[in-house]
Amino acid sequence: QRLAADTRTVSDEVLDRLGRTALAAGDRRRAAEAYVRLYYEYPLSTAGAGAPSQMEALADQMTRRGYDADIGRAQMFFGARRWAEARAAFAAVRPNVGGDDRELTDLRIAESDFNLGNHAAARDALRPYLQKASRLAEARFFYLSAVRALGDHDQYVELARALVRDFPDSSWAEEALNNLGTHYILVNDDETAAQVFRELYAKFPTGSRAERAAWKYGWWAYKTGEYAETIRVFESAAAAFPRSDYRPSFLYWTGRAHARSGDAADGLARMRLVHTDYANSYYGRLAERHLRRASALPS
């Protein structure tokens with residue numbers, strides 16, 4: 001009991017042992033309290049998964065006080081990407097909630113369906129939330145994603161563009177642009193993909209998709225001979241994301257772009273930076289070979 005009451009020491013194992021011990025001692029009320037906490041606070045654990053069977057036998061000791069805890073439990077499954085369990089948990093609470101909780105529940109069921117590959121069900125369930133909803137951008141994002149998964153590429157592009165236009169600062173617009181760029185790669189339209197990634201990097205230069213966008217667009221610029229644009233994009237990305245896994249490639253191809261545009265000194269400076277910071281990496285070794293060919297390293 002002392003361990004379970006302390007937020008620093010409570011755990012699923014503590015609550016499970018408390019429940020079993022209380023049952024053995026004949027204290028059904030305390031056992032019910034322990035299993036209820038286990039069910040709601042640790043649903044992802046093995047002990048939490050076993051709590052419902054114990055709670056069923058202790059139902060006379062429990063009093064329901066709303067459904068907030070049930071929604072919180074379902075959200076834990078959703079956040080852990082356990083889609084089937086999340087869908088089941090939200091479906092169980094759905095008949096008992098209204099208003100914003102009902103909207104959230106419906107969206108999470110549809111999003112779980114989408115992630116489980118039930119794209120038609122997700123699309124149909126999201127339709128009521130495409131015009132008016134507190135999470136309108138989110139609903140439209142998953143609707144257009146379901147449309148894409150169902151093969152209607154023209155409508156998908158139209159819906160993605162509309163989302164970006166209507167919610168230009170939303171993280172859902174950022175994700176929509178990232179997926180739209182990927183879509184054009186998959187249909188072998190690399191030029192359009194590059195322009196989408198250019199737009200993504202311009203709109204969200206420090207966003208969660210910015211590093212990838214900078215790489216995709218900058219590499220296209222290099223391949224098509226736009227060396228000044230390559231330098232602009234890759235140097236800004238290298239400065240903005242100093243710990244990025246892309247940084248060695250940003251710096252290396254900036255160096256190559258400087259050399260291709262006739263600026264040998266800046267090109268070698270970038271190669272020295274790659275060699276200094278990433279000597280044992282793939283790009284570090286490429287930079288070393290480049291510097292040795294230019295006699296810019298001691299023999």
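**Exercise 1.** List the residues that line the second largest pocket of this predicted model, and say which helices supply them.

*Solution.* Step 1: the lining consists of Ile185, Asp190, Ala193, Ala194, Phe197, Trp215, Lys216, Trp219, Trp220 and Lys223. Step 2: two elements give two or more residues each, helix 12 (190–203) and helix 13 (210–223). Step 3: helix 13 has the largest share, 5 residues. Step 4: by type, the lining holds 7 nonpolar, no polar and 3 charged residues. Step 5: the volume of this pocket is about 170 Å³.

**Exercise 2.** Describe the largest pocket by volume, lining and composition.

*Solution.* Step 1: its volume is about 500 Å³. Step 2: 17 residues line the largest pocket, and those closest to its centre are Val36, Tyr40, Met62, Thr63 and Arg64. Step 3: helix 3 (28–41), helix 4 (46–57) and helix 5 (68–79) each contribute two or more lining residues. Step 4: helix 3 gives the most, with 6 residues. Step 5: the lining splits into 8 nonpolar, 3 polar and 6 charged residues.

**Exercise 3.** Identify which members of the largest nonpolar core touch the most other members, then trace the contacts of Tyr283.

*Solution.* Step 1: the largest nonpolar core has 60 residues, of which Leu126, Tyr201, Phe250, Tyr252, Trp253, Val274 and Tyr283 touch the most other members. Step 2: helix 9 (residues 136–149) provides the largest share of this core, 8 residues. Step 3: setting aside neighbours within four places in sequence, Tyr283 is in contact with Trp215, Pro248, Ser249, Tyr252, Trp253 and Val274. Step 4: a second, separate core of 17 residues includes Ala32, Tyr39, Ala47 and Met55.

Methods:
Residues are numbered from 1 along each chain as its sequence is written. This is a predicted model: local features need pLDDT of at least 70, side-chain atom pairs count only at pLDDT 80 or more; totals for chains, interfaces and linings use all residues. Side-chain values use heavy atoms; hydrogens and water are left out. A nonpolar core is a set of buried Ala, Val, Leu, Ile, Met, Phe, Trp, Tyr and Cys residues joined through side-chain atoms within 4.5 Å. Buried means under 20% relative accessible area, exposed over 50%, partly exposed in between (1.4 Å probe, protein chains only). Helices (H or I, at least four residues) and strands (E, at least two) are DSSP runs, numbered from the N terminus. Contact means heavy atoms within 4.5 Å. On a 1 Å grid over the protein atoms alone, a cavity is a set of points where a 1.4 Å probe fits but cannot get out, and a pocket is an open set with protein on both sides within 12 Å along at least five of seven lines; lining residues have an atom within 4 Å of a point. Grid points are joined across faces, edges and corners, and a volume is the space filled by probe spheres set on the points. Ala, Val, Leu, Ile, Met, Phe, Trp, Tyr, Cys and Pro count as nonpolar, Asp, Glu, Lys and Arg as charged, and the others, Gly among them, as polar.
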